[in-house]
Amino acid sequence: MDPCCSHQALKMVFVGDGGCGKTCLQTVFAEGHFPETYIPTVSDQFSAHFSCGSFQLDLSLWDTADLLFVTTGEKDYDRLRPLCYKGANVVLICYDVTNPISFQNVMSRWLPEVHNSCPRTPVMLVACKTDLRMNKACQRKLARSRQEGITFTQGQSMACRIQASGFLECSAKLGEKVLETFHEATLAALRGCRMTRKTARGCLVS
């Protein structure tokens with residue numbers, strides 16, 4: 001399909017630590033409801049129709065394995081997950097603003113995997129669960145481990161470090177910035193499609 005036509009399909013792949021909020025983000029966007037019960041994801045797919053300017057888009061959302069820190073089968077999930085990247089138009093690396101480890105793993109774990117599997121694919125950084133920043137229980141849990149939540153400024157800095165195509169904070173539970181997240185991801189994917197087309201043309205000319 002022509003990457004610059006007005007109606008096309010895009011593949012979005014979501015990665016991040018288990019429980020960071022990526023499944024809830026996709027569920028709220030694609031199905032319109034927030035899942036109150038956490039069920040670890042092995043792999044899942046959502047489909048959604050989305051309008052972005054003059055573009056009518058069929059989005060294929062790929063939710064990757066959450067079971068990253070379970071000893072049994074962890075290596076299998078790590079081995080299978082990269083298969084999800086094939087054909088991706090944009091990758092969204094997600095973290096939980098109340099989980100500093102999930103933030104650290106953006107750079108140490110997820111970015112290397114993404115670059116290894118699809119080095120030319122645009123990457124967006126997404127901060128999830130912003131509604132929990134002021135949650136007293138979360139604050140006490142962080143304080144007990146002498147940690148702090150991840151600020152917007154820290155997220156922006158990380159986005160610059162990894163050269164992300166965009167950065168957004170969102171709350172799937174409150175429905176805040178959910179549509180904006182997918183809008184920005186769509187724009188990043190379309191820009192990537194245009195760049196790929198220009199590169200291909202350049203190769204043909206040369």
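Arg144 is exposed, because its relative accessibility is 65% (buried means under 20% relative accessible area, exposed over 50%, and partly exposed in between, with a 1.4 Å probe and protein chains only). The structure is a predicted model, in which local features need pLDDT of at least 70 and side-chain atom pairs count only at pLDDT 80 or more, while totals for chains, interfaces and linings use all residues. Residues are numbered from 1 along each chain as its sequence is written, and side-chain values use heavy atoms, with hydrogens and water left out.

Arg144 is part of helix α4, which covers residues 136-144 (helices are DSSP runs of H or I with at least four residues, strands are runs of E with at least two, and both are numbered from the N terminus). Together with Lys136, Arg140 and Lys141, Arg144 forms a patch of positive charge on the surface. Patches are made of residues with over 30% relative accessible area and no salt bridge, with like charges joined within 9 Å and nonpolar side chains (Val, Leu, Ile, Met, Phe, Trp, Tyr) within 5 Å. Lys and Arg count as positive and Asp and Glu as negative, whereas His and the chain ends are not counted. The place of a charge is taken as NZ of Lys, CZ of Arg, CG of Asp or CD of Glu. Accessible areas come from the Shrake-Rupley method with a 1.4 Å probe, and for residues only the protein chains shown count as cover.

The N-terminal end of α4 is capped by Asn135, with a side-chain oxygen 3.0 Å from the backbone nitrogen of Ala137. Such a polar contact is a pair of N or O atoms within 3.5 Å; within protein, one atom must be able to donate a hydrogen and the other to accept it, and residues adjacent in sequence count only if both atoms are side-chain atoms. After α4 comes Arg146, which has a positive phi near 55°.

The chain contains 6 helices and 6 strands. Their order from the N terminus is β-α-β-β-α-β-α-β-α-α-β-α. The chain has 206 residues, of which 44% count as buried.

The structure has 2 salt bridges, each defined as a side-chain nitrogen of Lys or Arg within 4 Å of a carboxyl oxygen of Asp or Glu. Side chains of opposite charge can pair when their charged atoms come close. One of the salt bridges joins the side chains of Lys129 and Asp96, at 3.7 Å from N to O. This pair links distant parts of the chain, 33 residues apart, with Lys129 in the loop between β5 (123-128) and α4 and Asp96 in strand β4 (residues 90-96). Lys129 counts as partly exposed because its relative accessibility is 25%, and Asp96 is buried, with a relative accessible area of 6%. The side chain of Asp96 also reaches the backbone nitrogen of Thr98, at 2.8 Å.

A salt bridge is also present between the side chains of Arg133 and Glu169, at 2.3 Å from N to O. Arg133 is in the loop between β5 and α4 and Glu169 in strand β6 (residues 166-169), so this pair ties together parts that are 36 residues apart in sequence. Arg133 is partly exposed, with a relative accessible area of 27%, whereas Glu169 is buried at 15%.

Most residues other than glycine have a negative phi, and most peptide bonds are trans. Lys129, which is not a glycine, has a positive phi of about 65°. Lys177 is likewise not a glycine and has a positive phi of about 65°. Lys177 is located in the loop between β6 and α6 (178-205) and is partly exposed, at 42% relative accessibility.

Leu25, in helix α1 (residues 22-31), is buried because its relative accessibility is 0%. Gly87 is in the loop between α2 (74-80) and β4 and is exposed, with a relative accessible area of 56%.
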